[in-house]
Amino acid sequence: MLDRPISELSKPTRRLPDQRWQIYPQKPEFAQNLAALTNISPIVSQLLINRGMETPEQVQAFLNPESLVLPSPLEDFPDLAISLELLQNAIASQTKIAICGDYDADGMTSTALLLRSLRTLGAQVDYAIPSRMHEGYGINKRIVEEFHSEGVGLILTVDNGISAFEPVARARELGVAVIITDHHDIPQKLPPANAILNPKLIAESSPYRGVAGVGVAYILAVSLAQQLGETKGLIQPMLALFTLGTIADLAPLTGVNRRWVKRGLQHLPKSNLPGVQALIQVGGVQARGDEGAEEKIANPKAKIQNPKSLKPEDIGFRLGPRINAIGRIGNPQTVIELLTTDDMGVALERAMQCEQINASRQEMCQQIEQEAIAYVETQYIASLQDDRVLIVVQPNWHHGVIGIVASRLVERYGVPVFIGTYEDEGHIRGSARSIPEFHVFEALEYCHDLLGKFGGHKAAGGFSLPADNLEMVRSRLIEFANQCLEPQHLKPLLKIDAEVNLNHINQQLYQQLNALHPCGMDNPDPVFWTPNVQVVEQKIVGKGHIKLTIAQNVDNQEYKIKAIAWRWGDYFRLPPRVDVAYKLRENYFNGNTTIELELIGVRLPIQLQQYFASPPTPSSTTFEYNQRQYTCGFYKNGIEAELRIKNSEGKVLAMQPGHIIGLLGINRQNAKEVDISQPQYDSIIQAALQALSVKS
């Protein structure tokens, strides 16, 4: 009868996201005790335990970062003293200083921060940023020689330079002093600079260990201003730029980053920097409860919800991309002028340029992503589990945006992604993004003899290579991936903090979670899950998002809540019953504030998964539904188990886990496809599962 797999007969069905759910072990007694000692709620206490905090002292230091006793940066950074001396001497003698920055948000905010502060402190200073299109990342010999010809006596790198041995050696050969400020991983051979400031060179226990390039620049600028006794009016503008760059670069929000970013987020909305104000205006500030605003879920990618106190997602999704877009496909000078001008008219003009270029960047990303997915699905999908890494190289892609596409491919396929495009017939340049178990920089070092330039850290990197070496690099990366990755690693990892029933989701819980802010890298937004909810409404909105309402019965009472799943159009329609994982978001509409869910994970209910993984014994039974008799059971069909439900007339409904299309008929040849998420089919499936559960 129904003896061939559904997948052979039905159209391709959209499965659920293929994720690894890692739910933190709950420690209710420990959490209760820690909560009592620190005067916080048990749920927040459990979340802090999940983030590695075990003592009241650790909790207090986290919740109140201003209480952290910081060592002097001079104690932790061995070369800071000589860096300050070089800068003071250059200012005193009016020696020309040149900053060599980078074209991402971290590099551009670092460049602007040091330009503003050094000019204010009386330095004669200019800058250069290498061309992303023609030169790639980092200081190079052309820039060094150009600086020298212009009479520069001191070069200051920001967010780059730690791997630039030859350009730095050339500068020293020409008699130009060099201070490297960078935060990228340390190569085997350090450049011969006069001073190197890099948090990767200091003690792991230092609170400064996690600063990004803009953090190193901030420490250098503040230390210099303090030594010169000229801090008045300098700290707040630098803090604003530090906050923008740190969040946009996804630096960990722990240690001093948490302390300074928390300050910066409070200060940013009232910053006296015209560029910051212009960015906030153009980025779309929407006050709470704007009357007449179109109702929408609290989309961090839409409007900045409350200009009185920004959150990291306001920068990560609204301000940061506008800065980054310039570095990707525009001229970084636009951002430097935006962030260094004191003229509001110029600032607004530059901010509008950022807006327009960001719109172009979005379109470009979407097109390249679609092309990349089509290429992967036809060329590499069959070998992905064996290769354990994805290397995608195509001509005519803009290498300014392929890093974003790499991140989306990691999200989709759950493997490290190296994506590249041809600069010319003989050379490829690319970007890499990773999963937690794979170290990008170590992977690139494993291929160092086949590459041109490369750099980065654990999660991301950039590289170039001769086109003739592509297949050898591919083989080498597959070899490396197979050394460090197991098959179980090849699914996107979803870390979940705690289980919560829908009746506990309210404004009070949301307010308690504010204690954890600012959230970001190494201090993620809390993720909760709720089992076996019913999807009562769902529709596609915008560019492939699913807007839905879910319900849960708790103590014979139904609780409903609205939710959104960004860019999940491929998974529409969701099955009628699922486990959901989500973050909480506020939605403001007509003066009302409601809490809604941002779905980031969904799976078949664990009970249903267990049925299909190991069907109960006996694996068939009879049951009654709506006063009619049925038989049901689990059957092996292809590689998957299949649930079949048969009525007294011999008609069978067959379904496989994760599919929303089932087959209904007397035999498979003449069976029709039906949407089993429809209530009439869902109800009988639930009744069959219940009967099998009772029988077992």
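Modeller: Let's start with a definition: a polar contact is a pair of N or O atoms within 3.5 Å, where within protein one must be able to donate a hydrogen and the other to accept it, and residues adjacent in sequence count only if both atoms are side-chain atoms. This is a predicted model, in which local features need pLDDT of at least 70, side-chain atom pairs count only at pLDDT 80 or more, and totals for chains, interfaces and linings use all residues. Residues are numbered from 1 along each chain as its sequence is written, and side-chain values use heavy atoms, with hydrogens and water left out.

Colleague: What does the side chain of Asn647 reach?

Modeller: The backbone nitrogen of Glu649, at 3.0 Å; the limit for a polar contact is 3.5 Å.

Colleague: Why is Asn647 called buried?

Modeller: Its relative accessible area is 13%, and buried means under 20% (exposed is over 50%, partly exposed in between; 1.4 Å probe, protein chains only). So Asn647 counts as buried.

Colleague: What makes helix 11 mostly covered?

Modeller: Twelve of its 14 residues are buried, including Leu244. Among the elements covering them are helix 7 (105-120) and helix 14 (312-329), with contact meaning heavy atoms within 4.5 Å.

Key
Helix = DSSP H or I, 4+ residues; strand = E, 2+ residues; numbered from the N terminus.
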